[in-house]
Each structure stands twice: as C-alpha cells, then as structure tokens.
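User: Hey, could you walk me through this one? I'd like to go from the overall picture to a few details.

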Amino acid sequence: MTVEHSALALRGLAKRFDGTIAVAGVDLDVPAGSFYGLLGPNGAGKTTTLSMAVGLLRPDAGSAWVLGHDVWQDPLTAKRLLGVMPDGVRLFDRLTGAELLAYNGLLRGMDPAVVDQRAAELLDVLALGDAGRTLVVDYSAGMKKKIGLACALLHGPRLLVLDEPFEAVDPVSAALIRDILTRYAAGGGTVVFSSHVMEVVERLCSHVAILAGGTIKRFGTLDEVRGERSLEQVFVEVVGGRTATGEELSWLSQ
Amino acid sequence: MALPVSADAAPDAPARAVTAGHFVRLKLRVMGNSFRGQGRRIAMFIGGVLLGLWFAVSGFFLFAAPGLAGDGQYAVLVAAAGGGLLVLAWLLLPLVFFGVDETLDPARFALLPLSRRTLVTGLFAAALISVPALAVLVASFGLVLTAGALGGWTAGLVAVVGVVGGVLLCVATSRAVTSAFATMLRSRRVRDLAAVLLAVTAALLGPLQVFGLAALREADWDRLAGVATVLGWTPLGAPWTAGIDVAQGRVWAAPVKLLITVASLGVLLAWWSRSLESAMVGAVSAGKAPVQRGATGGAVSQLFPRIAGWARRDRFGTLVAREARYWWRDARRRANLITIAVVGIFVPVMVNLGGSGFASTAGEGFTTGTGGSSPVLVTISMLFVGVLAAVTLANQFGFDGSAYAANVVAGVPGRVELRARMTAFSLYVLPMLAIVAVVLSVLLGRPEWIGLTAGSLAATYGAGLAVNSFVSVLGAYSLPETSNPFAMNSGAGMAKGLLTILSMVISAVVAVPMVVAAALLGDAWLWLALPVGIAYGLGTALLGAYLAGDVLDRRQPELLATVTPRR
C-alpha cells in the first residue's frame, strides 16, 4: 500500500521530549473507508502520534500524509480534508456552542448559510440545543466532547481523527457518538480514533493497531489482530500487564 | 468487603502536623522541576536574580545613606517615604504589570484536610520565597544599618524586627489584593464593581505622582519631614521607621509601630484567607451558570457581537468576532482592558497637569502661557499611553492557551490571524485612546492640540502593535489555567516583566519620529500630526502583521507548544 491510496499514512514518525522518547518511529496505513482504532495504554504515545499526524506537533523525524497530501509540506490542502478532535486541548470555551460552531465553520472558509444550517442540525442531533446561551466552559465533560466532535464534523471532512472520543462520556452520549461515527464511516468517510476501551473498539472498528512504548506492536483488521482470542487478552499480552497477587496492599481491607 | 460505618470510624489524627516548612519545600521543588530542561526559563530566572540583586544593592545604599552619612536629620524621611513606596509598589505593580507567582495554586489544596490557618501560613511562607521578596529584604536592611549607626545595637535590633515586618506586609498586601480582585472578577455578579475598584486602586498612581511632584516643587525638606512623620504612623511607613524612632530617642513609639504592623498584617492575612477559600472552591466549579435561552438567529449571527457586526462573514471577520467576544468575556483579558483605560487617562493627565504646576511655580523655563506643557511633553506622554496599550498584546497567544489548536488545525494564515487580532483589540482600545486625546486637550485648555494628541497616540499605538506582533509570536509563554487573572507560572512573572519592558522600549523607539517631528516642526505640526500619525500607525501595524505573519506561518506548532500549559 502506498501513501497515495491511504486515507492516513504515517512513515517513521518520531518525537522526543526532554530526552525521553515519546514516539519511536511509527509507520501506519489507514485504508480509506476504514474505521481504525488506535489502542494503547496510558503514556503509549497515542496523543503524540495523532498530534503529529494532524499538524499540531512537529515531528523530529518522519512524515504524515492525509489522502496523499503531506501534512508538513502542504499543510493547507491536508488540513482541508481533515477533521480533528484533540484531547486535553481546550476549546475556545468562552463561546456558546452555536458560536463555537460558527467560528470553526467560517474559519475554514465555509458559506455562512451552510454553517447556520449544519450547526443547527448538529446541535439538534447531539442534544446540545437545550444549552442555549450557556458558554462551553460551563458545559459538562460529555457535552464538551460532543461539541468538539461537532466542530470536527462541521466542514464535512474526508478523514476524521479523534483523540479519546469516549473518555469521560456517559453511556447515552457514547451511544450517540457511536451512531454518528458509524453513519459517517458508512457514508465513505474514514475514522481514526484512539482509545483504551476494548469494548468500544471491538464493537466499532474494522481495523486496529496497538501502540505501546512509542511503537506499533500489532496492526491489521480486527480479526487479524485478535485471532481466536478476545481483544483484551491480546492487548494485555502485547502491552505486558501485571496482576495484583493479593499480598500487597493488605491494609486496604480493614 | 463492606466497611462498617460507625461513629468510631473517625480517621486517626495525622501522624505529623503540616507546617509552613512543607509548603516552602514544595514550592522550591516545583520551581526546581519546572526548570528541568528549560534553558530559556533558567536564563529568565538568572536574569531576574541579577535584576533583583541590582535592586537590592542600590536600595540598600539608599536606605543606608543617612546612617553612612551619620546624619539623622532625614532618616525618618528616607525610611517612611522609601518604605511606603515599597508597600505601594507591591500593591499596584502585580495588578498592573506583573501578576503574582502562583507556583502553588491554592486550588490544588482544596481536597487536603488542611485547616485554613495552616493553608494561609503555608502559602504565605511559600510566597516569601521569591526573588522580589528577598531583594526587598536585602534592600531594607539598609535601614538596619542606619538605625544601628545612629542609635546603637538596640535601635538596630528593633529595626531588624520592623524591617522583617515590613517585608511580610509587602508580600501579604500583594497576595490579599490580587486574590480579592481575582475573586471579584470571577464572580458574575460583582464583576463590574471589581472593575471600578481596580480603577480606583490604579488611580492611586495619580495622587502618588502629585505628591512626588509637590515634593520636587516645594523642595521644602522640613515640611516633607513632617509628612514623613505622619506617614510613619500609617501601615505604609510604620514598620520601616520603628528602628529610627528608637535611634532618635522616641523609644515609646517603637512598640506602637510594631503593633500597627502586626495588626495590618493580621487584617491582610484574614482578608486573603477569605478570598482564598472562594478561589479554592471556585476553581473546581465556577458555579452552574443559569441556562440562558433566547438565542436568536443562526449560529453565525450569534457569533458576531454588535461591535464587530460590520465585519464580513469570512475568515478575517470570524477571527475579529471571536477575539472581540474574548476581550469582553475572558476575565484575564478584561482586567487588561481596564488597566489600559485607567492608566491611559491618569498618567498623561498627571504628567501634563503636574508638569504645568511644576513649571508655573518654578516661574521660569519653558512656560510661555501654554499651561506648562509643550507639544514635546504631550507627545512623549502620548507615546507612553500608546505603547502601554499595545503591550497588552505581547502575549496574545498565551491568553488563548491550548485553544489556539483550533486555529492551527484550521490552517489560518499568519497574516490574517495577526491583522484580525489587532483589529479586534483596536475596537476597544481606539475609542479609549480617542477619549484620552480629547480629555487631555480639554484639560490642558488647548483644544487645538487634539490633532497632536490623537496623531501621536495613533502613531505610537500602531508602532506598538507592529512590535508586539513579533513579540507575541516569538516570546509567547503559557499562562496557568486558573481562574485568577493575575496568576503567573513560576518564573513567568519575570518573563512577563522583561518582555513588557523590552517591547515597550522597542515600540517607543519605533515611534520616536513623532517626538522629533513635534520638536522640530513647530506650529505646522499641530495640523500635520493627525494625518501623519494615523498613516504612520496604520502603516507600521500592517507592515508588522505582514512580516510577523510570515514568521507565524513557519512556527505555528511551536507557538502552540509554548502556550500550552504543562500539566
């Protein structure tokens, strides 16, 4: 597979912070139309990898292509095709939900009438219309995720990159986000998202990659990666977990 | 296993009490860790230490001068006026320029079982561990030398106690006042009251200046000594003069003055402790805002505030609209706007009117019926105001923090970004500057100078915008994500101060042609100043956005990384 045919292609992406290696050469091909889950334990480098893939963090080495356009050589074209929801990044949260959507839409050069129409629809579908003039800073964590997703979807991107879209989201909102993403993928869009919730990944994804210690340990279609076992068993084996024996922490039971 | 819940399930008393020492060590550790691998921060810190050292040494000799000269006549004057100035500086400078170091964010202690007393003494002790506090301590030991030289070791000993109390008073003042203002600016109800209070506080700059100028004018040292004696009985001067009083035989005064110091310190700490509590709870949740309904129109028309209603619905207009909303809705930015408004009015009025008083009493020199001011003096004071207004944008990306990622992802061109930010800020500042220009000319009794004042303001403000475009792209730093608009990261206070000074100096240099023109061109300049000033300001601002926009395009991700707070 070549970089021209993938929705997202990463080649040798690497990043080092203050002497510690966060990402040590990641290669990844996300086929167009796939629903790709990037799995990894905390600190595996998921956020760093995705930030470099979408142009938020300059890599020390390597490159990233979105639908054949180099993110770091030709950023404007690549960013037009891309919808991003970063994690741990604030939104412009002194705006209301509707204002935030209008801001993101117009910033991407969309027609105001289209922005109005899509914003109203998105707010309605994501059940954010009730918030009215409430500022995003006063939203709950789940509402913030939803408005972030709406911002990423608004301009109808071909590739959606979501960092931890199901973190801190209640089951009702999570089901809603799942539905929307499934419909987006069914309509020909490509979704890449990071998570450490196996159940969601197994339910949604066509492809998965397991990232640990800054490198990709396993990748392929969901069935290729998990084989006969459950995804969780494969994940724990790849990552190398540790189980409590019951001897330590005895003071917890009084 | 279910734990039985019973009356005797109260937790054991902690094995060791938490003391101020823990807070001090924690602060030192946090500071040390924040330097790890951050060459620029270390350099900033060393710069700050050197500056502090310079201040400490020169202050020491100023305070010690009466003692070294063996002349007690002006000892009280030096102690009361110098010490009073120090306290006032600690009161005003954090509000207007520097912010307060919030290495230990009070909100982080909200969940710990600490009594309020422990917390306040601990945070206070930690606040004392700072370069400015230590510099002031060293400087004020000059007073100990003076007291010792004039009155022997008992006087020196009293002076030590007094001086230490004075330093404590300085730090407590800055903490209590910034914390109180932060609380008020955060609350949706009394926000506007806070704005007024801040204005009044900053307005203290005015009387201060009048006092200073009066001192110069009168040059009546005996009367000044009288004022200083009175000042010595207020909290501003009490701690600093106690030692001198003993040296000059007024032994009875020392305990009273020390009592005044301790009492003020207690009041300030109590005040701080009250607002601290709301800061701790407030950072966890600013309170549920009432759901406001009545959104009218589509999303796009909601985004554009009336002040930016004229803007086209494109990238530039959108950025302007969002920035315009932010200058009003973000407490940190609003505090800056208020500062500009207040300082912008008071400083030129004081400089020019105070100058007139000075000159007319002197009865000679450059007074030729022009009310003491001159086109050059007016231009210079306008230069200060214009530059000060623009320097607010020196860390404009730091205000956004990680939210700036949205613009990076959308691929906003740097030039559009910078031009839009200048425009939105100017929507608020230009009317203020216009008011300053008109008010000043009217107060001076020279309405024909409106062109001169307005033109100088336009030129210097434009030059400042241009310079600060570069500063904001190249010298950005992250601001803590607390609700205290005055809070700074450790070491960032220094960065802010240095960047502010640097950018003000460069902006002033860029705007110097206006002063030169005012000096050389005479009356013709009164008519030329407005068109030339506007053209000069607009030209430099656009050129600045054009050039700095290029730089911004190249380092958007790096800028995002520097303004994203480390957590």
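Predicted model: local features only at pLDDT ≥ 70, side-chain atom pairs only at ≥ 80, totals over all residues.

User: Good. How many helices and strands are there in chain A?

Analyst: Chain A has 9 helices and 10 strands. Of its 254 residues, 54% are buried.

User: Let's zoom in. Where does Ile210(A) sit?

Analyst: Ile210(A) belongs to strand 9 of chain A, which covers residues 207–212.

User: Why does Ile210(A) count as buried?

Analyst: Because its relative accessibility is 0%, and the cut-off for buried is under 20%.

User: What does Ile210(A) touch, if we skip residues up to four places away?

Analyst: Its contacts include Leu39(A), Ile216(A), Val225(A), Val234(A) and Phe235(A). As for Val225(A), it is 15 residues from Ile210(A) along the chain, and their C-alpha atoms are separated by 9.0 Å.

User: What about the rest of strand 9 of chain A, buried or exposed?

Analyst: Buried: that goes for 6 of its 6 residues, so the strand is largely enclosed by the rest of the structure. His207(A), Ala209(A) and Leu211(A) point one way, while Val208(A), Ile210(A) and Ala212(A) point the other way.

User: Which strands is strand 9 of chain A joined to by bridges?

Analyst: One is strand 3 of chain A (residues 35–39), which runs parallel to strand 9 and is joined to it by 4 bridges. In that pair, Gly37(A) stands opposite Val208(A). Another is strand 10 of chain A (residues 215–221), antiparallel to strand 9, with 6 bridges. There, Leu211(A) has Ile216(A) as its bridge partner. Strands 9 and 10 of chain A make a hairpin with 2 residues between them, and Gly213(A) in the turn has a positive phi of about 60 degrees.

User: Nice. Switching topic: what is the strand order in the open sheet of 4 strands in chain A?

Analyst: The order is 2-1-4-5, with antiparallel pairing. Strand 2 (20–31) and strand 5 (69–70) of chain A are at the edges with a single partner strand each, so one side of each has no neighbour in the sheet. Helix 1 of chain A (residues 46–54) packs on this sheet, touching strands 1, 2 and 4 of chain A, and its direction makes about 120 degrees with that of strand 1.

User: How many bridges pair strand 4 of chain A with strand 5?

Analyst: They pair over 2 bridges, in the antiparallel sense. Trp65(A) is opposite Asp70(A) in strand 5 of chain A.

User: Now the largest nonpolar core. Which residues touch the most other members?

Analyst: Phe193(A) and Phe425(B), out of 163 residues in that core. Helix 17 of chain B (residues 414–444) gives the most to it, with 14 residues. Another core lies apart from it, with 44 residues, among them Phe63(B) and Ile244(B).

User: Ile244(B), which helix is that in?

Analyst: Helix 9 of chain B, where Ile244(B) is buried, as are Trp240(B) and Val246(B), among others. This helix, residues 238–247, is mostly covered, with 10 of its 10 residues buried. Just after it, Gly249(B) takes a positive phi of about 90 degrees.

Terms used. Residues numbered from 1 in each chain as written. Chains lettered and ligands numbered in written order. Heavy atoms only, no water. Buried < 20%, exposed > 50% of the residue type's maximum accessible area, 1.4 Å probe, protein only. Contact = heavy atoms within 4.5 Å. Core = buried A, V, L, I, M, F, W, Y, C linked by side-chain atoms within 4.5 Å. Pairing = 2+ DSSP bridges. Axes fitted to C-alpha atoms, helices over the stretch in contact; angles between N-to-C directions.
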